Amino acid sequence: MGRAYCGDALRLLQATPAGSVDLVMTSPPYALHIKKAYGNASPEEYVAWFLPFAREIKRVLKPDGSFVLNIGGSWTPKQPTRSLYHFRLLIALCDTLGYHLAQEFFWYNPAKMPAPAEWVTVRRVRVKDSVEYLFWLAPGPTPRADNTRVLTAYSKEMQRLRRRVLERTMRPSGHKIRESFKNDNGGAIPSNLLQGGNNEASTLYFRGCKALGMKPHPARFPALLPKFFTEFLTEPGELVLDPFAGSNTTGIEAEKLGRRWMAFEENQEYLEGSKLRFWPALAEEAIARSRGEAPGAKVTKTQVREKASVSGAPRGAEKAQPARASQGKLFGEG
Ligand SMILES: C[S@@+](CC[C@H](N)C(=O)[O-])C[C@H]1O[C@@H](n2cnc3c(N)ncnc32)[C@H](O)[C@@H]1O
């Protein structure tokens, strides 16, 4: 259902046709003072760094499409106070580029480590920072969405209340009950607080990478985030793009949900590892071999690399010139 492209997201976005994408779901490198393995702009330079990407994202989106941006907070160096960079970014996205803020979401990750250690675990003057923002933005004021596609199970409390209401309406008490409250709508409307950890050490992807000596991506989405927004904001067959794809959690969740997808990532190693998500048999074989359970198995890093690798540029953008030799290298179909 999709294709992964290795290269700079800005160049690849520029090579993507205008108005062709239904949902951009992404988590760019956050602004950090300590550089991570994949490089991060500092909070001071973050808005200037990100705006060119965001401008292109707006161009490639359909007028009623959506842009979901996951971004973590940051601290002021040497001070127990917070940086405002993500709020500055949000304001610039809306005021400078003309995005509309459809809604803020919060990702509660109970497995998050207590940091910065100096303020949280040593001096004990701040608490654990367990929430990250997801800004749901859109080029227009009325992005397509349908919350009936993401209903959750009714809570015990809600079930109890409904039961009580139904009982009461059966008696001639005169008590007025809103009709809508009695309906079983197939589930509860979810809130904008999404909960889940990203320590999916048990996944085939993670264990397959380890078995093959490949580094699993260090900052993966939990599957629930791309799954939720893909279901909420797109329909089967529509196109989901992650321009900072990492291990391509967005792509695999889109694939499972029958959506088309595109993934851009500048680090080839991360994209090579992401293939294990799409060909779980390769991961299973590598894991079995590493345990000595399938001594005849021959899965190697090279085999994973060669799996479905071809060259090219985003569909409908064949004129785009790769900036580096690896740029435009891709795998996938559709
Ligand atoms: C926070 S990670 C995304 C992880 C991803 N959500 C996942 O589930 O694996 C950000 C990714 O952006 C990539 N990246 C940073 N700058 C980029 C650029 N200019 N073009 C393409 N990818 C870039 C990094 O290599 C990194 O893998």
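**Close-ups of a predicted chain**

Among contacts in the chain between residues at least 6 apart in sequence, 72% join residues at least 24 apart; two residues are in contact if their C-beta atoms, placed from the backbone, lie within 7 Å. This is a predicted model, where local features need pLDDT of at least 70, side-chain atom pairs count only at pLDDT 80 or more, and totals for chains, interfaces and linings use all residues. Residue numbers start from 1 along each chain, following the sequence as written.

**View 1. The whole chain, for orientation.** You'll find 12 helices and 10 strands in the chain. Both are DSSP runs numbered from the N terminus: H or I over at least four residues for helices, E over at least two for strands. Of the 334 residues, 37% count as buried. Here, buried is 20 or more other C-beta atoms within 10 Å of a residue's own, exposed is 12 or fewer, and partly exposed is in between, with C-beta atoms placed from the backbone.

**View 2. Helices α2 and α3 cross.** Helix α2 covers residues 46–60 and helix α3 covers residues 85–95; their axes come within 10 Å and cross at roughly 40°. The axes are lines fitted to C-alpha atoms, for helices over the stretch in contact, and angles run from 0 to 180 degrees between N-to-C directions. The pair α2 and α3 is therefore oblique: angles under 35 degrees count as roughly parallel, over 145 as roughly antiparallel, 65 to 115 as roughly perpendicular and the rest as oblique. The crossing of α2 and α3 is right-handed. A crossing is right-handed if the near helix is turned clockwise from the far one by less than a right angle, and left-handed if anticlockwise. On the α2 side, the contact is made by Tyr-46, Val-47, Phe-50, Leu-51 and Ala-54, and on the α3 side by Tyr-85, Arg-88, Leu-89, Ala-92 and Leu-93. Sorted by class, the residues of this contact of α2 with α3 are nine nonpolar, no polar and one charged. Nonpolar covers Ala, Val, Leu, Ile, Met, Phe, Trp, Tyr, Cys and Pro, charged covers Asp, Glu, Lys and Arg, and the others, Gly among them, count as polar.

**View 3. Helices α7 and α11 cross.** The axes of α7 (residues 204–212) and α11 (residues 280–290) come within 8 Å and cross at roughly 50°. That makes α7 and α11 oblique to each other, and their crossing is left-handed. From α7, Leu-204, Tyr-205, Arg-207, Gly-208, Ala-211 and Leu-212 meet Pro-280, Leu-282, Ala-283, Glu-284, Ala-286, Ile-287 and Ser-290 of α11. The contact of α7 with α11 has nine nonpolar, two polar and two charged residues.

**View 4. Helix α8 and what covers it.** Seven of the 10 residues of α8 (residues 224–233) are buried, so this helix is largely enclosed by the rest of the structure. Look for Leu-225, Pro-226, Lys-227, Phe-228, Phe-229, Thr-230 and Leu-233, the buried residues of α8. Their cover includes β2 (21–26), β3 (61–71), β4 (100–108), β6 (193–195), β7 (239–242) and α9 (249–256).

**View 5. Helix α10, also enclosed.** In α10 (residues 268–278), nine of the 11 residues are buried, so it too is largely enclosed by the rest of the structure. The buried residues include Tyr-270, Leu-271, Glu-272 and Gly-273, along with Phe-278.

**View 6. Around the ligand.** There are 19 residues around the ligand, and Ala-9, Phe-244, Gly-246, Ser-247 and Thr-249 come nearest. A residue counts as near if its C-beta atom, placed from the backbone, lies within 6 Å. By class, this shell has nine nonpolar, six polar and four charged residues.

**View 7. Two residues with positive phi.** Lys-78 sits in the loop between β3 and α3, and its phi is near 65°, a positive value in a residue other than glycine. Lys-78 is exposed, with 9 other C-beta atoms within 10 Å. Asn-248, in the loop between β7 and α9, isn't a glycine either, yet has a positive phi of about 60°. Asn-248 is buried, with 31 other C-beta atoms within 10 Å.

View 8. Ala-115 and Pro-116 are joined by a cis peptide bond, with omega about -5°, and Pro-116 lies in the loop between β4 and α4. Val-127 is in the loop between α4 (117–122) and β5 (131–138). Val-127 is exposed, with 9 other C-beta atoms within 10 Å.
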